[in-house]
Amino acid sequence: MAAPYDVVIVGGGPAGLSAALVLGRARRRVAVVDAGAPRNAPAARLRGFLSRDGMSPGALLETGRAEAAGYGVETIRARVEHIAPGFLVGLADGPVLRARRVMMATGLHDELPDIPGVRERWGRDVLHCPYCHGYEVRDRPLGVLGSHPGAVGQALLLRRWSDDVVFFPHTLEPAGGERERLAARGVRIAGGRVVRLVADGDRLRGVELAGGRVEPRSAVFVVPRMTPQDGPLTALGCARDADGWVVVDASGRTSVPGVWAVGNVADRRAQVITAAGMGSAAAIAVDHDLLDEEIGRAVAAHRAPAPSPVRPPPPAGPARP
């Protein structure tokens, strides 16, 4: 095998690339393995990232890859099939990479409600984060699908961006206290099962309910079921919390020595700018971890006794008759 990388980063999103940039500048040998399927690919713009507000997600990643490459970071477009003990990173239809440390930045998967139109409009006018998208749909007729326990809270929050918010219970009938809170906040409840989202050309027109009634809406918010893409962390035996998410410390360190997890794979609430910050903090922690190992080896070598000089054998005497 080739010489090991100091760090193999699995996932080339904001968290992974931010970590790669810091580690490259620290003169570490780094590879970023990226399958090329970012979570926010359907979105046209990213928001709330200081100095990058309004930039397309693809442009951010392209810029990040170029910056990291300038410090010697290698980007490998591949999917990781497994990570074996000893940090042997197996790529699909590719080689096995050796690493001294591994950082997982593989994000999460958004599982959307099985309602016609939701997947098709996802990232355009079917949205999930008011802080990411609320300003762009401000003062418009908004809807919230009641397909997740967090939907009521989402509807209450969205009133800050619009005076016209409708909650569609669908399969989540709000309890008495929740109904009171929605009413007090001025959120209207439209009962009945949601049949589909209705689009006119490339624009959402409304929400169709059982019986054929269409409630006009310009944008609809949903709370997806978020599942971390963390198969390799499971295989490595990383500890998890009660909700099934990998446990990490403030630097992203998992319970398995030498393994870090950053971004949405470890924190479902992390936005783009948050994930980038997590990658940066983890990179510094990884570099210090590597440095401690290197200093330990250097001290051990320094303490080792010098080998005794090898003396040549004495010259042979004259031969006896």
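**Helix packing and a pocket**

Mentor: Helix 1 packs against helix 8 (residues 272–303) at an angle of about 35 degrees, with their axes 7 Å apart. The model is predicted, so local features need pLDDT of at least 70 and side-chain atom pairs pLDDT 80 or more, while totals for chains, interfaces and linings use all residues. Residues are numbered from 1 along each chain as its sequence is written, and side-chain values use heavy atoms, without hydrogens and water.

Trainee: What makes the crossing of helix 1 and helix 8 right-handed?

Mentor: Helix 1 passes helix 8 in a right-handed crossing, the term for a near helix turned clockwise from the far one by less than a right angle, anticlockwise being left-handed. In contact (heavy atoms within 4.5 Å) are P14, A15, S18, A19, V22 and L23 of helix 1 with V272, A275, A276, G279, S280, A283, I284 and D287 of helix 8. This contact comprises 10 nonpolar, 3 polar and 1 charged residues, where Ala, Val, Leu, Ile, Met, Phe, Trp, Tyr, Cys and Pro count as nonpolar, Asp, Glu, Lys and Arg as charged, and the others, Gly among them, as polar.

Trainee: Why are helix 1 and helix 2 called roughly parallel?

Mentor: The axes of helix 1 (residues 14–25) and helix 2 (residues 57–69) cross at roughly 20 degrees and come within 9 Å. Angles under 35 degrees count as roughly parallel, and helix 1 and helix 2 are therefore described in that way. Their crossing is left-handed, and the contact joins P14, L17, A20 and L21 of helix 1 to L60, L61, G64, R65, E67 and A68 of helix 2. These residues divide into 7 nonpolar, 1 polar and 2 charged.

Trainee: How do you know which relation holds between helix 5 and helix 6?

Mentor: Helix 5 (residues 151–158) and helix 6 (residues 176–185) pack at about 15 degrees, with axes 10 Å apart, and they are therefore roughly parallel to each other. Their crossing is left-handed. V152, A155, L156 and L157 of helix 5 meet E178, R181, L182 and R185 of helix 6, a contact of 5 nonpolar, no polar and 3 charged residues.

Trainee: What makes up the lining of the second largest pocket, by class?

Mentor: Its lining has 6 nonpolar, 3 polar and 9 charged residues. R124, D125, E136, V137 and R140 lie nearest the centre of this pocket, among 18 lining residues.

Terms used: Axes are lines fitted to C-alpha atoms, for helices over the stretch in contact, and angles run from 0 to 180 degrees between N-to-C directions. Helices (H or I, at least four residues) and strands (E, at least two) are DSSP runs, numbered from the N terminus. Angles under 35 degrees count as roughly parallel, over 145 as roughly antiparallel, 65 to 115 as roughly perpendicular and the rest as oblique. On a 1 Å grid over the protein atoms alone, a cavity is a set of points where a 1.4 Å probe fits but cannot get out, and a pocket is an open set with protein on both sides within 12 Å along at least five of seven lines; lining residues have an atom within 4 Å of a point.
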